[in-house]
Structure formats: C-alpha cells, structure tokens
Amino acid sequence: MTTPELRQLGYFVAVAERLSFTRAAADLHIAQQSLSAQITVLERILGARLFDRDSRGTRLTEVGRLFLPEACAVLARAEEAVATVGRAARGEIGRLSVAFLSSVANYMLPPVVRAFRAQYPDVELVTADTGIAELVAGLRDGRFDAAFTRPPLVDDLVTRTLIVEPVCAVLPAGHHLAGRDEVELGELADDPWVLTPRESWPPWHAKYDRDFAIAGFTPRVVQRSATVASLLGLVAAGVGVTRLARSAKTLRDSGVIFVPLAGDRAETVVAWHPRADRPVLTHLLEVATDLAASTDLTRAG
C-alpha cells in the first residue's frame with residue numbers, strides 16, 4: 001500500500017481548515033489546479049473521498065472529518081521529530097557517559113557535573129568512578145565519551161589540560177622534612193616508600209622510574225596499594241612516604257604533611273578518543289575548559 005506524503009497531508013489540512021481550495025492554494029503559494037491534483041492523488045491512495053465540492057462550496061466528507069485529526073497528529077509528530085534532530089545536532093539533548101579517575105573524582109566531579117547540568121539539563125549525564133586501566137579501555141571501546149584523569153601517556157587518545165598543580169612529597173606527621181617549604185626528590189632516597197602496584201598502569205610507572213633515576217636512587221618500596229586514599233592511610237600510619245598531586249590533600253588532612261617537590265607538576269586533563277566527535281561532547285569540553293579558567297577546581301568540589 002502506498003503511503004501518503006507529508007506534503008499531501010499538509011495540503012489536505014490546509015484545505016480542510018479553510019474549506020476553500022482557492023484560499024488554501026493562495027496561502028500555500030501553489031496553483032489551485034496543482035492543489036486539486038494532489039488532493040485527488042491523496043484520495044486515490046486512501047481509497048476514499050475526503051471533500052464534497054459543489055456550488056455551495058467545499059465540505060469535508062465523514063471520512064475527511066475522521067481523517068483530519070489523524071493527519072494533524074502525523075504532521076505535528078513530524079515537526080517534533082525534526083525539532084528533536086535539530087536539538088540533537090546542537091548537542092542540547094542526548095546521553096553522555098563520563099569517567100572520572102578515582103583520584104580526581106573528589107574535586108572534579110561535583111563542579112563539572114553541576115555546571116554541565118545547569119547549562120544542558122536535557123542531556124543525560126552518566127558518570128563512573130574508575131581506575132586508569134578501565135578508564136582508558138572505556139574510552140577506546142566507546143563505553144565512555146570522555147574522562148577526567150591524569151594524563152594517560154598513550155598516543156591514541158586526545159587530551160586537554162585543565163589543571164596544573166604541584167606534586168608533593170607526602171610525609172607522616174613528625175617527619176624531619178615536614179617543616180620544609182619544598183624538598184628535592186633525592187632527599188627522600190633513604191625513606192621507605194609506599195606506591196601503587198606497577199601493573200596498575202605501566203606508562204605511569206615507567207615515568208616514575210625515570211624520575212627516580214634522575215634523582216639518583218631507586219625507591220625502597222615497602223608496600224603497594226591501589227588507591228590514593230589507602231596510600232595516604234599508610235603514610236599516616238608511618239609505613240612510608242609517597243608522592244601525590246597536591247589535590248590529594250582533599251582526601252585526607254590529618255596525620256600527613258604535603259610538601260611540594262621542587263620542579264614537579266601534575267596535570268589533570270579531559271581525555272577522549274578522536275572518533276568521539278559529537279556536539280554534546282563538544283559542550284562538555286567547553287564547560288570544563290571554562291570552569292578550569294575561572295575556578296580552582298582542586299578546591300571546588
């Protein structure tokens with residue numbers, strides 16, 4: 001069965017609302033003969049007469065009266081569909097899946113989510129708190145559209161730097177260097193260290209190895225733990241020292257002392273895969289960039 005075109009339904013509604021082919025043709029800016037021909041085609045498709053025309057004018061048949069609200073509904077739905085596509089193309093609606101590295105979620109997630117939802121309330125924003133390996137895998141396989149993280153140090157992801165902050169030696173209270181304004185990494189060569197597992201993200205540990213080598217020592221690692229919170233707990237317990245971005249202080253402020261390491265900086269970036277080219281993602285990047293330019297995000301959570 002042939003389906004009527006939206007254009008034909010529009011012609012029918014125009015005539016039905018005016019009960020005049022002449023006025024409808026004028027308002028539609030088409031010839032009356034063409035309009036009549038299109039209505040005839042529509043009636044042939046439907047297998048029913050929609051209008052009665054005689055010397056007294058144009059009237060809807062019973063079938064025409066029943067068909068009018070249905071035709072109007074179809075046209076209205078078509079307009080809604082077009083509007084929805086337009087909003088999606090502008091990034092005003094849709095779904096966005098965003099990962100936050102566990103060590104940055106504490107200070108990044110609240111302001112970013114709050115600002116994005118304020119500007120784009122009709123976008124479904126889904127967040128996940130993850131480790132670095134799952135975060136990178138999720139960006140690569142499309143589970144995550146974007147991620148807020150430390151630089152993953154891989155070549156196949158795009159990153160934009162949002163924050164640059166000091167890296168600190170994290171020392172137990174009472175450590176002989178705790179009162180210093182700044183320390184050199186090499187000054188901690190004789191201390192026991194607590195670090196994350198090497199397998200947690202090899203690119204990071206390769207960088208750590210280079211940093212320690214430049215400082216002239218190999219750290220004596222007495223314990224490894226997967227989370228920043230647990231590393232802080234181990235330092236507070238006196239098990240060893242570690243190095244973390246200054247923002248980690250938001251996770252624990254007792255029993256540990258943060259002393260900046262000379263010349264050492266940590267970045268927080270937003271990362272995405274090059275194929276993730278969507279308007280709604282562009283809006284997230286804009287929101288995050290504007291926030292980073294106007295707010296100290298390490299203290300905004």
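User: Which residue in β10 is the bridge partner of T161?

Analyst: The partner of T161 is V269 in β10. A caution before we go on: this is a predicted model, where local features need pLDDT of at least 70 and side-chain atom pairs count only at pLDDT 80 or more, while totals for chains, interfaces and linings use all residues. Residues are numbered from 1 along each chain as its sequence is written, and side-chain values use heavy atoms, with hydrogens and water left out.

User: What makes β6 and β10 a pair of strands?

Analyst: Two strands pair if DSSP finds at least two bridges between them. Strand β6 (residues 158-172) and β10 are joined by 13 bridges, so they pair. They run antiparallel. The names come from DSSP runs, numbered from the N terminus: helices are H or I with at least four residues, strands are E with at least two.

User: How many bridges join β5 to β10?

Analyst: Three bridges join strand β5 (residues 146-149) to β10, again in the antiparallel sense. T149 of this chain stands opposite V269 in β10.

User: How do you know that β1 and β2 pair?

Analyst: They share four bridges, in the antiparallel sense. In one of these contacts, D52 has R59 in β2 as its bridge partner. With two residues between them, β1 and β2 form a hairpin.

User: Which side chains of β2 are buried?

Analyst: T58 and L60 are buried, and they point to one face of strand β2 (residues 57-60). Buried means under 20% relative accessible area; exposed is over 50%, partly exposed in between (1.4 Å probe, protein chains only).

User: Why is the pair F12 and F67 called tilted?

Analyst: Start with the rule. Rings of Phe, Tyr and Trp (its six-membered ring) pair if their centres lie within 6.5 Å; planes under 30 degrees apart count as stacked, over 60 as edge-to-face and the rest as tilted. A search of the whole structure finds eight such pairs. The centres of F12 and F67 are 5.1 Å apart and their planes are at 45 degrees, so this pair is tilted. F12 is in helix α1 (residues 6-18) and F67 in helix α4 (residues 62-89), 55 residues apart. Both F12 and F67 are buried.

User: Why is the pair F21 and F51 called edge-to-face?

Analyst: Their planes are at 70 degrees and their centres 5.6 Å apart, so the pair is edge-to-face. F21 lies in helix α2 (residues 21-28) and F51 in strand β1 (residues 51-54), 30 residues apart. F21 and F51 are both buried. Ring pairs link F12, F21, F51 and F67 into a cluster.

User: What sits over the ring of F21?

Analyst: The charged end of R53 does, 3.8 Å from the ring centre. The rule asks for NZ of Lys or CZ of Arg within 6 Å of the ring centre and within 35 degrees of the ring normal. R243 also qualifies: it lies over the face of F212, at 5.7 Å from the ring centre.

User: Which element gives the most to the lining of the second largest pocket?

Analyst: β10 does, with four residues. Among the residues of that lining are D211, R243 and L261. By class, the lining has five nonpolar, two polar and four charged residues. Here Ala, Val, Leu, Ile, Met, Phe, Trp, Tyr, Cys and Pro count as nonpolar, Asp, Glu, Lys and Arg as charged, and the others, Gly among them, as polar. A pocket is an open set of points on a 1 Å grid over the protein atoms alone, where a 1.4 Å probe fits, with protein on both sides within 12 Å along at least five of seven lines; lining residues have an atom within 4 Å of a point.
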